[in-house]
Amino acid sequence: MSTIIWKYIDKLSVSVNALRDYDDMKSIMNSAPEDLKETYYKMFKPNSVNLSSAPKQHNPQATEDKIVSFIDKLDILQERYVQAVEYMRWFAPAWEMLSENEKCILREYYMNANQRSGANYRLQNKLTYSQPQIERLRKKALNHLAVTLFGCHK
């Protein structure tokens, strides 16, 4: 990427989006092997018995259509897995460079399902800091993450 373009990317916003994607990427990585195995199994399992009394329509390409649809699904699952692996290779080292307090604050603001709703209050109770101090720490932690992800300040 050109250094000119790099200057105009909002690295803090990208960092927030990366935080929000973490749980999804982790879930994809954890479930992909089983999802792929299950899809392969369904692709080659014998057809189940049709218990309907309705007459069947004859489609000479039914088997081919079924296989093609499963191949498409496998491609999607594999692509999602590759993206999740690439994301983790990029994000995990940066995440590990943060302090436990920074991780706690960023998790509370951006990674929890309730994202930000009540985050200040919960962090004030947990860390025993004032609301303005929590906000300063949030900004500092987010900036630190952006620096570790992108190697430069905004």
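Figure 1. A search of the whole structure, which is a predicted model, finds 7 aromatic pairs. In one of them, the ring centres of Y87 and W90 lie 6.1 Å apart with the planes at 65 degrees, so this pair is edge-to-face. Y87 and W90 are 3 residues apart in helix α3, a separation of about one helical turn. Y87 counts as buried at 9% relative accessibility, and W90 counts as partly exposed at 32%. The ring of W90 also pairs with that of F91, with centres 6.4 Å apart and planes at 55 degrees, so the pair is tilted. F91 counts as buried, its relative accessibility being 0%. One aromatic cluster is formed by Y22, Y87, W90, F91, W95 and F150.

Figure 2. The structure has a count of 5 salt bridges. K37 is joined to E34 by a salt bridge in which the closest N and O atoms are 3.8 Å apart. K37 is exposed, with a relative accessible area of 54%, whereas E34 counts as partly exposed at 44% relative accessibility.

Figure 3. The side chains of K103 and E100 form a salt bridge with an N to O distance of 3.5 Å. K103 and E100 are 3 residues apart in helix α4 (residues 100-111), so about one helical turn separates them. K103 is buried, with a relative accessible area of 5%, while E100 counts as exposed at 54% relative accessibility. A network of salt bridges links E96, E100 and K103. In α4, 9 of the 12 residues are buried, so the helix is largely enclosed by the rest of the structure. The buried residues of α4 are E102, K103, C104, I105, L106, E108, Y109, Y110 and M111.

**Figure 4. Buried salt bridge between E135 and R138 in helix α6.** E135 and R138 form a salt bridge, with the closest N and O atoms 2.4 Å apart. The two residues lie in helix α6 (residues 131-150), where they are 3 residues apart, about one turn of the helix. Both E135 and R138 are buried.

Figure 5. D72, D75, E79 and E86 form a negative surface patch. D72 is placed in helix α3 (residues 62-96). With 42% relative accessibility, D72 counts as partly exposed.

**Figure 6. Positive phi at T128.** T128 is not a glycine, yet it has a positive phi of about 55 degrees. The residue lies in the loop between α5 (119-127) and α6. T128 is exposed, with a relative accessible area of 66%.

How values were computed
Residues are numbered from 1 along each chain as its sequence is written. This is a predicted model: local features need pLDDT of at least 70, side-chain atom pairs count only at pLDDT 80 or more; totals for chains, interfaces and linings use all residues. Side-chain values use heavy atoms; hydrogens and water are left out. A salt bridge is a side-chain nitrogen of Lys or Arg within 4 Å of a carboxyl oxygen of Asp or Glu. Buried means under 20% relative accessible area, exposed over 50%, partly exposed in between (1.4 Å probe, protein chains only). Helices (H or I, at least four residues) and strands (E, at least two) are DSSP runs, numbered from the N terminus. Patches are made of residues with over 30% relative accessible area and no salt bridge: like charges are joined within 9 Å, nonpolar side chains (Val, Leu, Ile, Met, Phe, Trp, Tyr) within 5 Å. Accessible areas come from the Shrake-Rupley method with a 1.4 Å probe; for residues, only the protein chains shown count as cover. Lys and Arg count as positive and Asp and Glu as negative; His and the chain ends are not counted. The place of a charge is taken as NZ of Lys, CZ of Arg, CG of Asp or CD of Glu. Rings of Phe, Tyr and Trp (its six-membered ring) pair if their centres lie within 6.5 Å; planes under 30 degrees apart count as stacked, over 60 as edge-to-face and the rest as tilted.
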